[in-house]
Amino acid sequence: MTVKKGKGRLLIQEEQKSDKYEVLNIHVQLTLIKEMRRFRLGSRVMRMSGVALARTYVYDWMILMLLLVILLLLQFVEPFPRFVGKDTIRDFKYPLEGDTVPFWAVPMYSVLLPMLVVVGVYIRRRDIYDLHHAMLGLLYSILVTAVITDAVKAAVGRPRPDFFWRCFPDGKDVYDRLGNIICHQDKDIIGEGHRSFPSGHTSWSFAGLGFLSLYLAGKIKAFDRKGHDVFASCLLGFMVATFCYLQFFPPPNHSEGWGPYSYFRELEESGDVNMENATTNGQCSGVQCKSRGEEQRCNGSIGLAMVPVSDRSLEAMESGGA
């Protein structure tokens, strides 16, 4: 009886082993079939031309063309003429000058530069799918942003900072009985003056270069488990840079963020010296205050505008002199 039971157990174990081998064999076969299918698909994709691939996304390209037509039509839409009166025109007296960044330069670095990078990746990888989708996504990013930007510009109609000189090129402002401005300038120049918000240069730049940043981040796998060291290093470097910057400069959103702390400190000290000299001589520029702290409160500042600083002292501070 014992021998029979032992043989029965051996038979059961052998059957279990054979079942495991069969399951493993089936799994291996399925894996091979999947890999073969993937290889065939990859071969077909690699052989597919760009034109054939674009035909499979013909509707996406048609929508892209429609966005381009909408963008061109928006250029002929008259912007909303936001009210500008005698009391508000003084806020728009910035000199009428050319753009700091020419308009033709924006497509160069926001569209052409990302395209060159994508083409460079294609030359190295020879992946037509990657090239096609990157180009399509980049153009969608640019055109959708451009349409939204120009539509909001036309709807809001915010005047540009140089609107005064667009409206009154000779500098002679004219108003009606109610205080409304009466412009004597070309209609197109005035209309362009109502397209300040939002900035087209900025939106185009972030649309193109932002897409490029995400594209390259995906290529170097900056956000997966293997690329967490790159992402962490970026955060570390940026936090240290922010800390070091704030040791010498005010925050960028501060009203005095354009200059270092030492510059304003020198201005304040120079103002204190000039004020003490003026007090000693019995002179006072501005309202009469009993103390230095009260004079600061009268001026509504921290001492930077208490007494005008001479041009000579400013030149000395800016050149690094005492």
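Colleague: Where is phenylalanine 231 placed?

Modeller: Phenylalanine 231 sits in helix α9, which covers residues 228–248. Helices are DSSP runs of H or I, at least four residues, and strands are runs of E, at least two, numbered from the N terminus. This is a predicted model, in which local features need pLDDT of at least 70 and side-chain atom pairs count only at pLDDT 80 or more, while totals for chains, interfaces and linings use all residues. Residues are numbered from 1 along each chain as its sequence is written, and side-chain values use heavy atoms, leaving out hydrogens and water.

Colleague: Is phenylalanine 231 buried, exposed or partly exposed?

Modeller: Buried means under 20% relative accessible area, exposed over 50%, and partly exposed in between (1.4 Å probe, protein chains only). Phenylalanine 231 has 37%, so it is partly exposed.

Colleague: How many salt bridges are there in the whole structure?

Modeller: Side chains of opposite charge can pair when their charged atoms come close. A salt bridge here is a side-chain nitrogen of Lys or Arg within 4 Å of a carboxyl oxygen of Asp or Glu. The search of the whole structure finds 4. In one of them, lysine 219 meets aspartate 130 at 2.9 Å, N to O. Lysine 219 is in helix α8 and aspartate 130 in helix α5, so this pair ties together parts 89 residues apart in sequence. Lysine 219 is partly exposed at 30%, and aspartate 130 is buried at 15%.

Colleague: Which residue forms a salt bridge with arginine 166?

Modeller: Aspartate 162 does, with the closest N and O atoms 3.0 Å apart. Arginine 166 is buried at 13%, and aspartate 162 is buried at 8%. Aspartate 162 lies in the loop between α5 and α6 (163–167). Leaving aside neighbours within four places in sequence, aspartate 162 is in contact (heavy atoms within 4.5 Å) with Phe92, Tyr94, Pro95 and Leu96.

Colleague: What should be read from the backbone at arginine 126 and proline 198?

Modeller: Most residues other than glycine have a negative phi, and most peptide bonds are trans. Arginine 126, in the loop between α4 (105–125) and α5, has a positive phi of about 55° although it is not a glycine. A cis peptide bond, with omega about -10°, joins phenylalanine 197 and proline 198. Proline 198 is in the loop between α7 (187–192) and α8 (200–219).
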